[in-house]
Amino acid sequence: MDLPAYADSSLTGGTAVPPPAPAGDTPAGAGLGAAGLVDVAAERDRTVGASRSHHLNSAGAALPTAAVVDAVVAHLRHEERAGGYEASAARGSDIEAVYAAAARVVGAVPEEIALLDSATTGLRVIIDAMRLGPAARILVSRSTYVSHALHLLSVAAQRGAELVIVPNGADGALDLVRLEELLAAGDGRDDVVCVAHVPTSSGLVEPAAAIGALTRGHGARYLLDATQSVGHLPVDVSEIGCDALVTTGRKFLRAPRGTGFAYVRRSLLGTLAPVAPDVRGAAWCAERDWDLAATARRFETWESSVAGRLGLGVALEELLARGIEGTAGHLVTVAAALRSGLAETGGVRVQDPVACASGIVTFTVDGLPAGEVSRRLAERNVRTVSVPASHAQWDLGSRGVPAVVRASVHVYNDAGDTRALLDEVAAIAGARG
Ligand SMILES: Cc1ncc(COP(=O)(O)O)c(C=O)c1O
């Protein structure tokens, strides 16, 4: 999560700071990226922001391509000329195509997709529709995102469900043995397992498919928060075995802010009635009766940013065209190089757990608060965020780490960007006393 309050980079603007050298001036800027899997130069060409800053904040909100922005702006212009309802009617088949693209990205079918404004909305409407009562147990990973944790804690407090925080193993990921013991001990209970595939607070990758095998084996429902993994790592709901998934547009999908989607397995849909049905997801068919949509659209609301959804559609198609395997390979390789560079820098501690094969790197600088490090980096046009323990109490809080600096890469990041981060962190760490 990436509020301006700690994402100081957004406060400094870009105007007073000279932009970094264009991609072509750096050896890895031209041609294929670190792992030879992505055409970084081409990605930079289609990404206006890539040459404006060293943007290492895709886990906050990644830089969109020009095509994504064009799709949004074109639709707003269409609304300006024709009216919002008329413009939307004219793009009916393109809007339907967004469901199909989202479904393809996560290995689902379009009927299992709901388009929403955020991952947090997705988690809330799905959990609320489960109507968890005193017989229910919510088993959560330490990686759980702040807003999700707050909602789950309030569900437990208000409805009497039990909330169990599953401990981590030695590699920093959820302890599968302990999860299995907990599930086995609770057989017959109404268990829901909620896990963040990749958290907000580190580069951890949870063993999502192994968790899915356990939840299936014990008849528990499994909600995966894939907000930090869709567009970043391969995510296939059948391989993972989750019953529901939520994600957002603005991060690794490179879509506009205020977009997101949820997947709900077809077999689960009929058991989930939204707490607040909306005209989009339900038909008011009689004086005191309503019918829910047969599809995951039962969780949607009538009002939405059509322009944003069309932008999301373009971003999803771009990901499908680029390929998730190459994207993931590139991100993981670049981040691993950053991690080792930071580990070799005096006064710097990499804070990622062992299980961190992702494009997110977290670190601290001895003697300097993470927010201050991130702010100084922003002054040098290197964009990171600091994530405080208040956004990850079950992770950073329990590790006794008050905050970390988070750098996260994407396909437009070249050697100039990673060099800038390493050089500036070294300068900040060297000057800290
Ligand atoms: C792991 C994780 N889950 C969920 C969210 C929330 O996403 P959204 O802001 O779309 O609700 C975030 C946002 O930072 C996150 O990092």
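How many salt bridges does the rule find across the interface of domain 1 and domain 2?

Author: The rule finds one salt bridge across the interface of domain 1 and domain 2, where a salt bridge is a side-chain nitrogen of Lys or Arg within 4 Å of a carboxyl oxygen of Asp or Glu. The model is predicted, so local features need pLDDT of at least 70 and side-chain atom pairs count only at pLDDT 80 or more, while totals for chains, interfaces and linings use all residues. Residues are numbered from 1 along each chain as its sequence is written, and side-chain values use heavy atoms, with hydrogens and water left out.

The division comes first. Domain 1 covers 9-56 + 323-430 and domain 2 covers 70-321, with bounds that come from an automatic or database domain assignment. The contact between them (heavy atoms within 4.5 Å) takes 35 residues from domain 1 and 30 residues from domain 2. The C-alpha centres of the two domains are 27 Å apart. Together domain 1 and domain 2 bury about 2400 Å², with 61% of it on carbon and sulfur atoms; this is the accessible area (1.4 Å probe) that two parts lose on being put together, summed over both. Of the area that domain 1 buries against domain 2, Ile324, Ile360 and Trp394 supply 30%, more than any other three residues. As for charged pairs, the side chains of Glu43 and Arg254 meet in a salt bridge at 3.4 Å, N to O.

By the rule used here, the count of salt bridges comes to 23. Side chains of opposite charge can pair when their charged atoms come close. One of these pairs is Arg221 and Asp190, at 2.7 Å, N to O. The pair links distant parts of the chain, with Arg221 in strand β6 (residues 221-225) and Asp190 in strand β5 (residues 190-196), 31 residues apart. Helices (H or I, at least four residues) and strands (E, at least two) are DSSP runs, numbered from the N terminus. Arg221 has a relative accessible area of 16% and is buried, whereas Asp190, at 28%, is partly exposed. Buried means under 20% relative accessible area, exposed over 50%, and partly exposed in between (1.4 Å probe, protein chains only).

Asp243 sits in the loop between α11 (237-240) and β7 (244-248), and with a relative accessible area of 14% it is buried. Tyr263 and Val264 belong to strand β8: from this strand Gly260, Ala262 and Val264 point one way, Phe261 and Tyr263 point the other way, and all are buried. In a regular strand the side chains alternate between the two faces of the sheet. β8 (residues 260-264) is mostly covered, five of its five residues being buried.

Two strands pair if DSSP finds at least two bridges between them. β7 and β8 pair in the antiparallel sense over five bridges, with Thr248 opposite Gly260. Strand β2 (residues 113-116) also runs antiparallel to β8, joined by four bridges, and Leu115 has Phe261 as its bridge partner there.

Other charged pairs lie within helices. In helix α9 (residues 176-185), Glu181 and Arg178 are three residues apart and so separated by about one helical turn; their side chains meet in a salt bridge at 2.8 Å, N to O. Glu181, at 42% relative accessibility, counts as partly exposed, as does Arg178 at 33%.

Helix α15 holds Arg375 and Glu372, three residues apart, about one turn of the helix. Their closest N and O atoms are 2.9 Å apart in a salt bridge. Arg375 is partly exposed at 30% relative accessible area, and Glu372 is partly exposed at 22%. A network of salt bridges links Glu372, Arg375, Arg376 and Glu379. In this helix (residues 370-379), Ala370, Val373, Ser374, Leu377 and Ala378 are buried. Seen down the axis of α15, the buried residues fall within an arc of 135°, so they line one face of the helix; the arc is that of the directions from the helix axis to the C-beta atoms.

Just after α15, Asn381 has a positive phi of about 70°, although it is not a glycine. Asn381 is in the loop between α15 and β13 (382-383) and is buried, with a relative accessible area of 1%.
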